[in-house]
Amino acid sequence: MQFRYAFILLTIFAVACGDSARSEPANKRTATSTDATGAVQLGSVPAPILDGQDSGGGSFSLASLKGDVVVLVFIRGAFCGLCREQLKHLAATGTAFGNADVKVVGVTLDPPDVAKKTKEDLKLDFPLVTVNPATFRAWGLWDQGERWPHSAAFVLDAAGNVRSGRVATSAARAMSEAELLAIANSLSASR
């Protein structure tokens, strides 16, 4: 009986935090001009607009970070345990990103009060920005008919171009902090 209960809870957790499989290769799922799959394109293509409200209550615009190398981490919300773990790992690596002069920004659909609580609970030293669902769609992270958006990470160069990124179609597909830092470091060093 206990096994059945644990299995049911694990299944519910996987559905809530997991991603449906996608057939596109990771290198085709990228950001701004979108390709036929609706994914953002990587390379020398400007990032889609990203405006929202930061967890402190102020307004946020990605355009204000032009000139900086930026790591954007899109999360489903505070309910997603895997997303929370990724934010914690990013916070633990925060000094390394700061030393490389790289800005980290979390992006969520959570209302600002929930984002603020998440930021405080996880002791995040970077902004957690609330955006509307259209932003996730513009970045190719929420396909029509899907219940939840996908989580993802992108690295933008100082010109505001999406240079690298990956949609996390499963926990194993999420970009690690080491990958994000290595890419961001190389972009920061080439400025």
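Visitor: Why does W148 count as partly exposed?
Guide: W148 has 31% relative accessibility. Buried means under 20% relative accessible area, exposed over 50%, and partly exposed in between (1.4 Å probe, protein chains only), so W148 counts as partly exposed. This is a predicted model, where local features need pLDDT of at least 70, side-chain atom pairs count only at pLDDT 80 or more, and totals for chains, interfaces and linings use all residues. Residues are numbered from 1 along each chain as its sequence is written, and side-chain values use heavy atoms, with hydrogens and water left out.

Visitor: And what makes the pair of F79 and W148 tilted?
Guide: Rings of Phe, Tyr and Trp (its six-membered ring) pair if their centres lie within 6.5 Å; planes under 30 degrees apart are stacked, over 60 edge-to-face, the rest tilted. Here the centres sit 4.7 Å apart and the planes meet at 40 degrees, so tilted it is. F79, by the way, is partly exposed as well, at 39%.

Visitor: How do you know which kind of aromatic pair F74 and F136 form?
Guide: Their planes are 85 degrees apart, with 5.2 Å centre to centre, which makes the pair edge-to-face. Both residues are buried.
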